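Subject: Structure handover

Hello,

Please find the structure below, with its sequence. My notes on what was found follow it.

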4 protein chains.
Amino acid sequence: MPSAFNSSSGLERLRRIESSRLFQGAVVSIIILSALAIGAKTYELSPLADRTLSVLDFAITVFFLVEILFRFAACPNKKRFFFDGWNLFDTIVVVGSLIPLNNSDAVLLGRLLRVFRVLRLVSVLPELRFLINSLLKAIPRMGYIALLMFIIFYIYAAVGSMFFAKVDEVLWGDVAISMLTLFRVATFEDWTDVMYATMEIYPMSWLYYVTFIFLTAFVFLNMMIGVILEVMSEEQNAKQAQEAHDERDDINRQLHNVQRQLTELSDQIARTGQR
Amino acid sequence: MPSAFNSSSGLERLRRIESSRLFQGAVVSIIILSALAIGAKTYELSPLADRTLSVLDFAITVFFLVEILFRFAACPNKKRFFFDGWNLFDTIVVVGSLIPLNNSDAVLLGRLLRVFRVLRLVSVLPELRFLINSLLKAIPRMGYIALLMFIIFYIYAAVGSMFFAKVDEVLWGDVAISMLTLFRVATFEDWTDVMYATMEIYPMSWLYYVTFIFLTAFVFLNMMIGVILEVMSEEQNAKQAQEAHDERDDINRQLHNVQRQLTELSDQIARTGQR
Amino acid sequence: MPSAFNSSSGLERLRRIESSRLFQGAVVSIIILSALAIGAKTYELSPLADRTLSVLDFAITVFFLVEILFRFAACPNKKRFFFDGWNLFDTIVVVGSLIPLNNSDAVLLGRLLRVFRVLRLVSVLPELRFLINSLLKAIPRMGYIALLMFIIFYIYAAVGSMFFAKVDEVLWGDVAISMLTLFRVATFEDWTDVMYATMEIYPMSWLYYVTFIFLTAFVFLNMMIGVILEVMSEEQNAKQAQEAHDERDDINRQLHNVQRQLTELSDQIARTGQR
Amino acid sequence: MPSAFNSSSGLERLRRIESSRLFQGAVVSIIILSALAIGAKTYELSPLADRTLSVLDFAITVFFLVEILFRFAACPNKKRFFFDGWNLFDTIVVVGSLIPLNNSDAVLLGRLLRVFRVLRLVSVLPELRFLINSLLKAIPRMGYIALLMFIIFYIYAAVGSMFFAKVDEVLWGDVAISMLTLFRVATFEDWTDVMYATMEIYPMSWLYYVTFIFLTAFVFLNMMIGVILEVMSEEQNAKQAQEAHDERDDINRQLHNVQRQLTELSDQIARTGQR
C-alpha cells in the first residue's frame with residue numbers, strides 16, 4: 001500500500017512537471033531548434049557546420065525520445081496513451097527517426113521524418129491542436145460537395161481527353177492528366193493558352209472551358225456559403241438563441257405563477273363572500 | 001379483387017427491393033464501374049483489354065436497362081414516372097446508349113452519352129440530388145445580376161472591338177471574340193499582355209481594363225453578398241425567428257388568459273359585494 | 001374646367017399606355033435589337049447588310065426619340081422629368097445620336113453613343129434599376145477604405161519608382177506607371193516576373209512585393225467583411241428585430257393593461273369593503 | 001493666479017484653433033501637396049521645376065514642423081503627447097526629414113522618409129485613424145492561423161528544397177527561396193510551369209502541389225470564415241441581442257410588479273373579509 005501510494009504520488013509529480021510552463025517551453029524551443037536545423041540543412045554548408053548539425057540532430061532525437069518516454073510515464077492510463085492520435089503521431093515521428101539509415105534512399109526518408117517533427121509544434125501547443133481539430137471537423141461537412149466537384153471534374157476530363165487528346169497529348173493524354181489540366185484551368189493558370197490550342201481544331205471549344213469555369217466557381221461559391229451558414233447556425237446563434245429562449249422561459253414561468261395566484265385569489269374571494 | 005390485392009402486394013415488394021440498401025449499393029457500384037470503364041478507355045489499351053471493356057460496357061448497359069425497367073415497374077403511378085426530371089434523364093442516358101452506332105461521328109456521340117452515365121450517381125444518391133436541387137434553386141436569384149453582368153460585358157466588348165480590332169484581330173475581331181477576351185481579363189489571365197498591346201496605340205486604354213475589372217469585381221462581390229444574405233434570411237433565421245415568435249405567441253396567449261381571469265375576478269367581487 | 005379635365009384625362013390615358021406591358025415589351029425589344037445591330041457592326045459585312053443596318057439604326061433612333069417624347073408627354077410634372085437621373089441619361093443618349101456626324105473621329109463618337117443605348121435596358125427594366133441603385137448606395141460605404149487603398153498604392157508606387165526605375169523603365173518609370181504595375185501585382189498577374197527582375201539588383205525586394213500583397217489582400221478582405229456586415233445589419237436583421245421588438249411591445253402593452261386592471265380591482269375591493 | 005488663468009485660456013485658444021475646420025483643412029491640403037511633390041519627383045523634370053520642388057519641399061517641411069510644435073503646445077499634458085502612437089509617428093517623420101543629407105545613400109533615405117509623410121493623412125483624418133485601429137485589432141485574431149500557415153509553408157518548403165533543389169536551383173535552392181516559390185504557387189502565379197519542371201524528374205510531384213494548394217486554400221477559407229464570425233458576434237449581434245435582452249428584462253420587471261400587486265390584493269381581500 002505505501003508503494004502504491006508512492007507510485008501515485010510519483011505519477012502526480014511527473015504530471016506536475018509535464019504540465020509546467022518550463023517543460024512546455026523547453027519542448028517548444030527544441031522543436032523550433034529542430035525546424036531550424038532542418039532548414040539549415042537545405043543550404044550549402046562547411047564540413048564543420050555539417051558535423052555540428054549531425055550532432056545537434058542526434059541530441060534532438062534523444063531529447064524527443066526522453067520527452068515521449070516521460071509523457072508516457074506521466075500518463076495515468078498507459079493503455080489509453082496511444083488511443084490519442086497526437087501521442088501516436090509523436091511516437092511514430094520520434095521512433096521513426098531513431099532507425100539507422102545507410103543507403104541513400106533511406107537517408108531521404110529519414111530526412112522526411114525529421115521534417116514532420118515540425119508538426120509536433122501542433123501536437124504540443126493546445127491552441128494549434130484546437131485549430132486543427134476544428135478544421136478536421138469541417139471536412140465531413142464538405143464531403144458531398146467535394147464528391148460533386150469530383151464528378152464534374154471527371155466528366156469534363158473524360159470528355160476533354162476524348163476530344164483534345166489528339167490536340168495536345170501532354171495536357172489531355174488520359175483521364176488523370178486531363179483532371180490535372182482542369183485543376184489548372186480552375187485556378188485560372190494560363191487557361192487561355194490551353195483553350196486557344198484546342199480552339200484551332202474545335203472552334204467552339206471555348207464553351208467547354210467557360211461552362212467548366214462557371215460550374216466549378218458556382219459550386220465552389222455555394223460550398224463556401226453552405227459552410228459559412230452551417231458554422232454560423234451551429235456555433236454562434238445557438239448560444240444567443242438559447243439565452244433568449246431561457247429568458248422567455250423565465251417569463252413563461254412567472255406568468256404561470258400569476259395565473260396560479262389569480263386562481264387562489266378567486267377562491268379566496270369566493271370563501272370571503274360565503275362567510 | 002384478389003388480383004388487385006396481389007398486384008398491389010407485388011408492387012409493394014418491388015418497392016421494398018428498390019429502396020433496399022443492397023439494391024442501392026449495387027446500382028452505385030455499377031455506376032462507379034461504368035465511370036472507371038470510361039476513364040480506362042482514354043488510355044492506350046491492349047486489344048484484349050479493349051475487348052474486355054466492350055463486353056463490360058454491354059453488360060453495364062443491360063444492367064442499367066433492367067434497373068430502369070425495374071424502377072418503372074416499382075413506380076405506383078406510371079404516368080408520373082417521366083414527370084420526375086431525374087427519371088427522364090436516367091431513361092434518356094440509358095436508352096441513348098442502346099442505339100447501335102457505326103460511323104465514327106456517331107461513335108463519339110455514343111461515348112459522350114456513356115460519359116453522362118456518371119451523372120446518374122447524382123440521380124441515385126439522394127444527398128447529391130438534394131444538393132443539385134438546392135443549387136438549381138439558387139440560379140433564379142442570380143438572374144438579374146447575371147443580366148447586368150452580361151450588359152457590362154456586351155458594352156465593353158462592343159467598345160473593345162470598335163477600337164482594338166485593328167490592334168489585334170485575334171483578340172478583338174468581333175463582339176463575340178471580344179467577350180471571350182474580356183472573360184479572360186475578368187479571370188486575370190495574362191490580362192496585362194492584352195493591355196500592353198493596346199496601350200502601344202491607345203496609351204490611355206489602361207482605363208478601359210481597370211474600370212472593367214473594378215466593375216465586374218464590384219458587381220460580382222455584391223452578387224455574392226446578395227446571395228449569401230438571401231440564403232441566410234430564407235433558410236436559417238426563418239427557423240429560429242419562428243421559434244422565438246412561437247414562444248412570444250405563447251406568452252401573449254397566457255397574458256390574454258390573465259386578463260380574462262382578472263375580468264372574471266372583478267365580476268366575482270362585484271357579485272360578492274352585491275350580496 | 002372641362003379643358004383641364006380633358007387634359008388630365010389625356011395624361012391619364014398616356015400614362016396607362018406608358019405603363020402597359022405591350023409598351024414596355026416593345027421598348028425592351030427595340031433596345032435588344034439596337035444592341036444586336038451594334039454587335040453586328042463589329043463583323044465584316046456585305047454592302048447590303050451594311051446599308052440595312054444604317055436604315056435600322058435610323059429607325060431605332062426615331063423610335064427612341066418618339067418614346068422619350070411620349071414619356072415626357074405622359075409625365076405629370078414636366079419640370080421634374082429631368083430631375084430623374086435615368087430620364088436625363090435616356091435623353092442625352094437619344095438626342096446625342098441624332099447629331100449628324102461626318103468626319104471619322106466624330107463617327108467613332110456617334111458609334112460610342114449608340115453602344116450606351118444598351119444601358120437603356122437598365123433604365124427601362126425596374127428590376128435592373130433597383131439593382132443599380134442599390135449598388136450605387138454601396139459606394140460611399142467603401143469610400144474611406146478606397147482612400148486607404150489608394151494611399152497604400154501611392155506610397156508603394158512612389159517607393160517602387162524611386163528604387164526600380166533604373167531596373168525597368170517601362171514598368172516603374174514614374175508614379176502613374178508604377179501604380180498600374182502594382183495593380184497588376186495585386187491581381188497576381190505575372191507578378192513573379194516583375195519581382196525576379198528587381199531581385200537581380202535588390203535581392204531583398206521580394207519583401208516589397210510580399211508585404212504589398214499581404215497589405216492589399218488584408219485591407220480588401222476587411223473591406224469585404226465590413227460591407228457584408230453593414231448590409232446585413234441594415235437590411236436583413238432590421239426587419240426581423242423590428243418584428244420581435246413589435247411583439248415584445250405588444251406584450252408590454254398587455255402587461256400595462258393587467259396592472260391597470262389590478263389597480264382597478266384593488267379600488268373595487270376597497271369600495272366593496274367600505275360598503 | 002491671473003498668469004495661470006491666462007496660460008489655461010491660451011491653451012484653450014490653441015486647442016480651439018487646432019480642432020477648427022480651417023486648420024484641419026490646411027494640414028490635409030499640405031499633406032496632399034507633399035504627396036504630389038513626391039509623385040512629381042519620379043518624372044523627368046526641367047532644372048527649374050526641380051529647383052521649385054526643392055523649395056516647395058523645404059516649405060512643406062517647415063510647415064509640418066510648425067504644425068507639430070503647435071499641436072505639442074496645444075496638448076494639455078505634454079508628457080502624454082508622445083504616448084500616442086500617431087503623434088510619435090508624425091514627429092519622427094517630420095524631424096527625420098529635417099536632417100541634412102549629402103551622400104547619395106542618405107538622399108535615398110531622406111526621400112523614403114518624405115514618402116511616409118503621405119501616411120500622415122491617416123494620422124490626421126479621424127476616419128482613417130479609426131479604420132487603421134480596427135484593422136490592427138483584427139491582427140491578433142489571425143495569430144494562430146498565421147502560425148499554422150507558416151508551419152505548412154515551412155514543411156512544404158523543406159520537403160521541396162530536399163527533392164527539387166537539383167531540378168531548379170533558382171526556385172528550390174534553399175528553404176527561404178522555396179518558401180517564396182510556394183508563396184507564388186499559393187497565388188496561382190505560373191504554378192504549372194514550376195510543377196511541369198519537377199514532374200519531369202518526379203512524375204508524382206503534382207501531388208505535392210495539389211495538396212499544398214488545397215491545404216492553403218482550405219486553411220485560408222476557414223480563417224476568413226472564422227474572422228467574419230468573430231467580428232459579427234462581437235460588433236453587430238451584441239448590440240441587437242442587448243436590446244432584446246433589455247426589453248425582456250423590462251417585461252420581467254413588470255411581471256414582478258403584477259405579482260407584488262396580486263399579493264397585496266390578496267392581503268387586502270383578507271383584511272376586507274376579516275372586517
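Start with the interface of chain A and chain B, where the rule finds 8 residue pairs in polar contact, both residues at pLDDT 80 or more. A polar contact is a pair of N or O atoms within 3.5 Å; within protein, one must be able to donate a hydrogen and the other to accept it, and residues adjacent in sequence count only if both atoms are side-chain atoms.

This is a predicted model, so local features need pLDDT of at least 70 and side-chain atom pairs count only at pLDDT 80 or more, while totals for chains, interfaces and linings use all residues. Residues are numbered from 1 along each chain as its sequence is written, chains are lettered from A and ligands numbered from 1 in the order in which they are written, and side-chain values use heavy atoms, leaving out hydrogens and water.

Chain A and chain B

Helices here are DSSP runs (H or I, at least four residues), numbered from the N terminus.

About 4,900 Å² is buried between them, and carbon and sulfur atoms give 74% of that. Buried area is the accessible area (1.4 Å probe) that two parts lose on being put together, summed over both. How many salt bridges does the rule find across the interface of chain A and chain B? It finds 0, a salt bridge being a side-chain nitrogen of Lys or Arg within 4 Å of a carboxyl oxygen of Asp or Glu.

Chain A and chain D

Here 54 residues of chain A are in contact with 55 residues of chain D. The two chains bury about 4,900 Å², with 74% of it on carbon and sulfur atoms. Between chain A and chain D the rule finds 0 salt bridges and 8 residue pairs in polar contact, both at pLDDT 80 or more. Among the helices of chain A that each supply at least two residues to this side are α2 (21-41) and α6 (104-116). α13(A) gives the most, with 23 residues.

Regards

Key: Contact = heavy atoms within 4.5 Å.
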